[in-house]
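Please keep the sequence and the structure in view while reading.

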Amino acid sequence: TISNELTRTVTVMVRIFSNASNLVVGGKKAYFQVEKTIEAGSNDALLVPMSFNGPPRAGNKNSPVTVVISSKAGRKLHQTDIGMNMTGADAAGVSITIGALAVVVVGVGFRGMRARRRRTEAEDAQHGGATDVL
């Protein structure tokens, strides 16, 4: 979110990038840049496309992102660093999820087979063993 606390409308250039090798900001250009016009006394939010292209190194899940706000003429007005935390699943999480899914699928399969067997036994008992009678 960008805030304009001045009494006039301003136009700024916002550039967002990361030097971390595992974080991609803005797609193929490796940075995100947009010109924003903000009314006096108002706020404006930016949606910035970011993605992790691999697990963080050595368990460090915090990747720094740099935000630079400058004037249209190119004069830097503000710069700040923000830490982006990776909250996605790692290899252990994916393995646990796949294992749990396999247990559920096998359990549902056995339950279905038991239900079918009970239905067949009930039909056999009802028809005296002749389930294929026309």
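## The largest pocket

On a 1 Å grid over the protein atoms alone, a pocket is an open set of points with protein on both sides within 12 Å along at least five of seven lines, and its lining residues are those that have an atom within 4 Å of a point. The model examined here is predicted. In this model, 24 residues line the largest pocket, and those nearest its centre are Thr1, Ile2, Ser3, Val14 and Ile69. The space in the largest pocket comes to about 520 Å³.

Which strands each supply at least two residues of this lining? They are β1 (2–3), β2 (10–17), β7 (62–71) and β8 (76–85). By residue type, the lining consists of 16 nonpolar, 6 polar and 2 charged residues.

## Overall organisation and confidence

The chain holds 1 helix and 8 strands. Read from the N terminus, the order of the elements is β-β-β-β-β-β-β-β-α. The chain has 134 residues, and buried residues account for 19% of them. Of the contacts between residues at least 6 apart in sequence, 59% join residues at least 24 apart.

The average pLDDT of the chain is 81, and 85% of the residues reach a score of at least 70. Among the elements, β2 has the highest mean pLDDT, 91, whereas strand β6 (residues 50–52) has the lowest, 79. Where pLDDT is low, the predicted coordinates should not be read in detail.

## The nonpolar core

How many residues make up the largest nonpolar core? There are 12 in all: Ile2, Val12, Val14, Ile16, Ala20, Leu23, Val25, Phe32, Ile38, Val65, Val67 and Ile69. Two or more residues of this core come from each of β2, β3 (23–25), β4 (31–38) and β7.

Apart from residues up to four places away in sequence, Val25 touches Ile16, Phe17, Ser18, Ala30, Tyr31, Phe32, Val48, Pro49 and Met50.

## Leu46, in a loop

Leu46 is located in the loop between β5 (43–44) and β6. Is Leu46 buried or partly exposed? The relative accessible area of Leu46 is 21%, and the cut-off for buried is under 20%, so Leu46 counts as partly exposed.

Leu46 and Ile2 stand 44 residues apart along the chain, yet their C-alpha atoms are separated by 7.9 Å. Beyond its neighbours within four places in sequence, Leu46 is in contact with Ile2, Val14, Ile16, Val34 and Lys36.

Gly74 lies in the loop between β7 and β8. Gly74 counts as exposed because its relative accessibility is 55% and the cut-off for exposed is over 50%. Between the C-alpha atoms of Gly74 and Val12, which are 62 residues apart along the chain, the separation is 9.1 Å.

Leu77 has its place in strand β8. With a relative accessibility of 44%, Leu77 counts as partly exposed. Leu77 and Val12 are 65 residues apart in sequence, and 8.9 Å lies between their C-alpha atoms. Not counting residues up to four places away, Leu77 touches Val12, Ile69, Ser70 and Ser71. Gln79 is also found in strand β8, and Gln79 is partly exposed at 41% relative accessibility. From C-alpha to C-alpha, Gln79 is 9.6 Å from Arg15, although the two are 64 residues apart in sequence. Leaving aside neighbours within four places, the contacts of Gln79 are Thr66, Val67 and Val68.

Methods:
Residues are numbered from 1 along each chain as its sequence is written. This is a predicted model: local features need pLDDT of at least 70, side-chain atom pairs count only at pLDDT 80 or more; totals for chains, interfaces and linings use all residues. Side-chain values use heavy atoms; hydrogens and water are left out. On a 1 Å grid over the protein atoms alone, a cavity is a set of points where a 1.4 Å probe fits but cannot get out, and a pocket is an open set with protein on both sides within 12 Å along at least five of seven lines; lining residues have an atom within 4 Å of a point. Grid points are joined across faces, edges and corners, and a volume is the space filled by probe spheres set on the points. Helices (H or I, at least four residues) and strands (E, at least two) are DSSP runs, numbered from the N terminus. Ala, Val, Leu, Ile, Met, Phe, Trp, Tyr, Cys and Pro count as nonpolar, Asp, Glu, Lys and Arg as charged, and the others, Gly among them, as polar. pLDDT is the predictor's confidence in each residue, from 0 to 100. A nonpolar core is a set of buried Ala, Val, Leu, Ile, Met, Phe, Trp, Tyr and Cys residues joined through side-chain atoms within 4.5 Å. Buried means under 20% relative accessible area, exposed over 50%, partly exposed in between (1.4 Å probe, protein chains only). Contact means heavy atoms within 4.5 Å.
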